[in-house]
Amino acid sequence: MSKQINVALIGNPNTGKTSVFNALTGLNQKVGNYPGITVEKKEGICKLPRGVKAHIIDLPGTYSLNASSLDENVVIELLLNKNDKDFPDVAVVVSDVENLKRNLLLFTQIKDLQIPTILVINMADRMTYKGISLNIPYLEEQLETKIALISTRKNQGISDLKDLITNYKELSTKPCLNASEIDMDYFDNLRKAFPNQLLYKLWLVITQDVNFGKTDRNEIDAVADFKTKSKADLKRLQQKETIKRYQFINDTLKKGQKIDLSTAKDLRIKFDRVLTHKVWGYLIFGIILLTIFQAIYDWSSVPMDFIDSLFASFSEWTKNTMPEGAFTNLIAEGIIPGLGGIVIFIPQIAFLFLFISVLEESGYMSRVVFLMDRIMRRFGLSGKSVVPLISGTACAIPAIMATRNIESWKERLITILVTPFTTCSARLPVYLIIIALVIPEGRILGLSYQALTLMLLYLIGFGAAVGSAYILNKILKIKSKTFFVVEMPNYKLPLFKNVALTVLEKTKSFVFGAGKIILAISIILWFLASYGPGNDFNNAEAIVTEQYASQNIPDEDLQQHIASYKLEHSFIGITGRAIEPVIRPLGYDWKIGIAIVSSFAAREVFVGTLATIYSVGSDEEETIKNRMAGEVNPILGGPLFNFASGISLLLFYAFAMQCMSTLAIVKRETNSWKWPMLQLIIMSSFAYLVALIAYQLLK
Amino acid sequence: MSITLAEIKRGEKGIIADVSSIHIPLKLLEMGCLPGNSVELVQVAPFADPMYLNINGSHLAIRKETAIHILIEISNE
């Protein structure tokens, strides 16, 4: 096998870098994390001509090599560390034909690291539309590189890019800017002290804020002595460097690029006039949100019913087919219902991710940031907090990671703290099943009551997030520079391939991530529910038979009574009844109590837990929903899931902090246990209080 | 006549005259907010904040509190 070529894809955000990555690797990609940090690492394999393979890393989008966030820091750490196993043999800088000037800034920086660099000019299909013409040979000569003019949308130029990667050894590594020009004396000193080092590399290390991570800096440790410049001086020099780079770029583009404004068309202005309008903008945003929730509810009900009954009959089939015994019971009553409790929500989660990725891909999300900034600031948040709050409807974990581009620490911290209030997809299973049980069917103005309830729960989540942000903003005494820059990208029709891959990837990680926990918990619960200590459990059959001996009841009913007696005296029943006094005022029985306790690992465990507990107690082939509807309140009689206890449960799940992964991520992003512990305690006690009040008022 | 960028009106165009580099983050400079470059106000959010600008061909939004640290010359077109 020939050697793999290491390729790093680098580019500004919104240049279609990920589309290029998808075009090169297709389904041969995997998403992981950089060791020790939560920055997403995307890598893939691309087959090149002549049997050569390329290992491609899609680095986080960045505007320059001067990192200002953890994600951007990953880029510079990799490019400065020749010993890293992923250190690129060739860098591919992806640029957008409409923003070539700005995109070239990053290109010149990377070229100056003397890494062989290919320039990709993406979205070439828009050139005529925008009146742009490029003199490619001239640009290649001036920039001393090879250029691939491609269009991922039209699938053009990808093979040219592959050829360029294959022949990367022919690329020049001559820098664009002579680093010494930034400050002659200073760089002279540097050169004398480190004769073997690349000056620009030294300069990058000196000017980086090193707080983000540990750059491999053995070679440059000695530089500390050289920090003869104050921070303000360094920044002045960085500004000078930027100006020099733009001079070079402007000179190059003057001859290499022609823009004929008379033929250029601009839909951006027309769209923005409406979408960022002070009235229409908000109205449209509201309608989009409403549509999303209605769609999540309506479109996924058919596949969900199908999955539910599929799992019920699968469980039944297993019972009938496999030899009777504990192992069969474990599979039929523990694992299958537990897994069913998660698989059933795939349709909804996929739809949710679909909408979010379409909003982001189309460029609309930036408009929302723009529209909401002023309002969010009143609550101590930033317009950029809207993105975490919206993507928090999928999952709080990526949402909290998405706060990294919020420049002010205080605004960022508050966003992190309040994001778990937004209704994440893990709450959806709980909401949906309870709504289906306690909210009547029927429609008002074409919207179903059930969908409206769901919408209301989302609004409550946002309300709680914003309200607590307002309080935190008043309480937290943190001084930090506020500062806000957001790029307003062009509107684009989302690429099907990008959206599909995102939906696939996110859904997969949700199912497998949650699936593992749920599987483990289902097995444990099944054991706890199937075995018990002492006389009561082991002689359940005799005890119950005797109890009903005088009444002449059918054998079937007797078996039911035995099963539920057994469950009550199993390990789980004993634990459940021990905690029952705490949750009874909220209208729950001990079975719900167990489900709540186990869902502190992850909320979506709730349904799986109930499914497992209930199926241990019954023989019938039944869907989860029917089983829950049949439960009777042990004290008051009547259905256990009625309006009051249902609303109380909904509110409890709306506010409680029940997700260990989120707590772990908050700990990582804030670098302290203080904040996640505060979240856990405050959110959960607030949830208890609200659920208590709701039940007591409604019962 | 020099004014701060915060005072520009919708549809007006100008040339950046000076940026106060202590108050302006490097990132904004790198996005093209440098002396000599053109600037145009595209759209304003309610209460005129943040401002949606076209700086040197890049479309971006910044807050008013940042814009007051950027001096511009209105160009008559």
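## Overall build of chain A

Of the 699 residues in chain A, 45% count as buried, meaning that 20 or more other C-beta atoms, placed from the backbone, lie within 10 Å of the residue's own; 12 or fewer makes a residue exposed, and anything in between partly exposed. This is a predicted model, in which local features need pLDDT of at least 70, side-chain atom pairs count only at pLDDT 80 or more, and totals for chains, interfaces and linings use all residues. Residues are numbered from 1 along each chain as its sequence is written, with chains lettered from A and ligands numbered from 1 in the order in which they are written.

The C-alpha trace of chain A spans about 105 × 60 × 55 Å along its principal axes. Chain A has 31 helices and 12 strands; these are DSSP runs (helices H or I, at least four residues; strands E, at least two), numbered from the N terminus. Contacts are residue pairs with C-beta atoms, placed from the backbone, within 7 Å. In chain A, 74% of the contacts with a separation of 6 or more join residues 24 or more positions apart.

## Domains

Chain A is divided into domain 1 (5–170), domain 2 (182–244), domain 3 (280–475) and domain 4 (497–698). The bounds come from an automatic or database domain assignment. Between the C-alpha centres of domain 2 and domain 3 of chain A lie 46 Å.

Helix H3 of chain A covers residues 100–111. Because 11 of its 12 residues are buried, H3(A) is largely enclosed by the rest of the structure. Among the buried ones are A:Leu100, A:Phe107 and A:Ile110.

The largest nonpolar core holds 202 residues. Such a core is a set of buried Ala, Val, Leu, Ile, Met, Phe, Trp, Tyr and Cys residues joined through C-beta atoms within 7 Å. A:Leu9, A:Ile10, A:Val92, A:Val93, A:Val120 and A:Tyr431 touch the most other members. Helix H20 (residues 449–475) of chain A gives the largest share, 10 residues. Leaving out residues up to four places away in sequence, A:Val120 touches partners including A:Val92, A:Val93 and A:Ile150.

## Contact with chain B

Chain B brings 28 residues to the contact and chain A brings 30. On the chain B side, helix H1 (26–30), strand E3 (38–44) and strand E5 (58–62) each supply at least two residues.

Strand E12 (residues 485–487) of chain A runs antiparallel to E5(B), joined by three bridges; pairing needs at least two bridges found by DSSP. A:Val485 has B:Ile62 as its bridge partner in E5(B).

Conventions
Expected span 1.5 Å × (residues − 1). Contact = placed C-beta atoms within 7 Å.
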